[in-house]
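Thank you all for coming. I would like to walk you slowly through one structure today, first as a whole and then at two of its residues.

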Amino acid sequence: MDKIKGSNAIVTGGGTGIGAAISQTLGKLGANVVVCGRRPQPISATVDAIRSAGGQACAVRADVAREEDVDRVVWTAVDTYGGVDILVNNAGIYAGGQIHTHTVTTWDQVMAVNLRAPFLLSRAVLPHMRNKKRGHIINISSESATDHFLGDGAYGVSKHALNALSEYIQRENQGHGIRVDVICPGMVTTEMREDEAGLDPRKSLQPQDVADLVVWLLTRRDNIRIGAPLLLQTMLNPWRT
């Protein structure tokens, strides 16, 4: 885990669910973690958990769909820890329904958080990574980005676009020692969905499953490139039938 120890990481949506699991796992492995999110209490709780385990972390309240907030998050990492080695774009929102039923407001909100934010953050950290000739960006996408599920609407479109954005960034920056990976989880039991009707949490993915895959991606040999988004699924159907 030497590649993680002493590195500087930004995790968006780090207050709950997948983001909290990734933040705490990186903190336990010795990374300095900037945990950002829109709600101060959850991100502070994540930071407290990291510090209680002996790690280093700070919380930044931010709406990562806003350019000025993204700049503040990145400069916090630079000023506090000296740079950015790892970016995990995890923040996301869901809006289901068919395309023709979406309001323009809903469409714009989903695209802002799920696509604009990873673009803004990647754009902000890439100059720092290019200067050092190393860096790693991991985008948390969705199983909805690997197929076309009726009813996923704007969410599915945004995640397909995130996969494409990730591939462009990888190709543009791999000559600078920068790697970009995409994880597409299936159903993950989080605080928001654990009581959802028809869902069996015992058969769902857990946030730590995604965090464990993040660790493997960060610590694999430098010469190994993952050529497609990584689809993470369960063996059993998590929905009661």
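This is a predicted model: local features need pLDDT of at least 70, side-chain atom pairs count only at pLDDT 80 or more; totals for chains, interfaces and linings use all residues.

How many helices and strands does the protein have? The protein has 6 helices and 7 strands, where helices (H or I, at least four residues) and strands (E, at least two) are DSSP runs numbered from the N terminus. Residues are numbered from 1 along each chain as its sequence is written, and side-chain values use heavy atoms, with hydrogens and water left out.

If we read along the sequence, the pattern is β-α-β-α-β-α-β-α-β-α-β-α-β. For 241 residues, a compact globule would have a radius of gyration near 18 Å, and the protein, with 17 Å, agrees with that; the radius is taken over C-alpha atoms, and the globule rule is 2.2 Å times the number of residues to the power 0.38. Along the principal axes, the C-alpha atoms fill a box of roughly 50 × 35 × 35 Å.

Of the 241 residues, 51% count as buried, where buried means under 20% relative accessible area, exposed over 50%, and partly exposed in between, using a 1.4 Å probe and protein chains only. Among contacts with a separation of 6 or more, 69% come from residues 24 or more positions apart, a contact being heavy atoms within 4.5 Å.

Let us turn to the first residue. Thr 12 is found in strand S1, residues 8-12, and because its relative accessible area is 1%, Thr 12 counts as buried. Not counting residues up to four places away in sequence, Thr 12 touches Cys 36, Val 64, Val 88, Asn 89, Asn 90, Ala 91 and Leu 121. Its side chain reaches the backbone nitrogen of Asn 90 at 2.9 Å, and the side chain of Thr 12 also reaches the backbone nitrogen of Ala 91 at 2.9 Å.

Now for the second residue. Is Lys 133 buried or exposed? Lys 133 counts as exposed, because its relative accessibility is 51%, and this residue lies in the loop between helix H4 (104-132) and strand S5 (135-140). Lys 133 has a positive phi of about 60° although it is not a glycine. Most residues other than glycine have a negative phi.

Note on methods
A polar contact is a pair of N or O atoms within 3.5 Å; within protein, one must be able to donate a hydrogen and the other to accept it, and residues adjacent in sequence count only if both atoms are side-chain atoms.
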